[in-house]
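Hello,

Please have a look at the structure below.

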Amino acid sequence: MNITDETNDILQIIKTTTPKIVGIDGNDGVGKTLLAKDIEKLGYKRISLDDLLKKKSGGYFKFIDFEMLRTTVKQPANRLIVIEGVLLQKILEKLSLALDYSVYMTDSVWIYDWLEEYQGKYCGLTLNEIIKSVEQEVGRLNRVLSPGSKPYKMGGLRREIYEYSYEYRPWENADIILSNN
């Protein structure tokens, strides 16, 4: 597993190898767009999956405009492209698109919860057990911050990210992991 906390490491690799299609995957809010904008400065066309999303839909995957994404990636054929967004491997799989270079971005805690070599708290659990555990943690916090609040039920994008992480383990397929500390 190739992990770095230096954006410049990734930019240098891209400068020297010039992969045609670069993908940046990871949770929401970890800096994917910022990295994609840095790569865009190297001559790449930036595609944000968020820009192809039907807004306020309550979800992500099924609300992506897949035809627009396919058209944007395929035209013109010699263009350098950087695609960034959550659930990236699942979305590219639906379109039968492959990346030439893949970055998985994470904060300093998220990925270690999933890794067996660090005895991550999600290791050995089923998806339902993971979701229940998170719902209980958030529920406890909500009760402290807002006594009398309704029980927390994970849904929407948050649930999709946990389901995707559990099924795809996108960090395992990445060429490099960028950990934002």
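First, the residue classes: Ala, Val, Leu, Ile, Met, Phe, Trp, Tyr, Cys and Pro count as nonpolar, Asp, Glu, Lys and Arg as charged, and the others, Gly among them, as polar.

This is a predicted model, where local features need pLDDT of at least 70, side-chain atom pairs count only at pLDDT 80 or more, and totals for chains, interfaces and linings use all residues. Residues are numbered from 1 along each chain as its sequence is written, and side-chain values use heavy atoms, without hydrogens and water.

The mean pLDDT (the predictor's confidence in each residue, from 0 to 100) is 91, and 98% of the residues score at least 70.

Closest to its centre, among 13 lining residues, are Trp110, Asp113, Lys121, Tyr122 and Tyr162. The lining has seven nonpolar, five charged and one polar residues. Helix 6 (127-145) gives the most, three residues. Helices are DSSP runs of H or I, at least four residues, numbered from the N terminus.

The cavity. One cavity (points where a 1.4 Å probe fits but cannot get out) reaches 30 Å³ or more. Helix 7 supplies three lining residues, the largest share. Asp25, Tyr104 and Ile161 are among the lining residues.

Best wishes

How values were computed. 1 Å grid on protein atoms, 1.4 Å probe; cavity = no way out; pocket = protein on both sides within 12 Å on 5 of 7 lines; lining within 4 Å. Points joined across faces, edges and corners; volume = space filled by probe spheres on them. Helix = DSSP H or I, 4+ residues; strand = E, 2+ residues; numbered from the N terminus.
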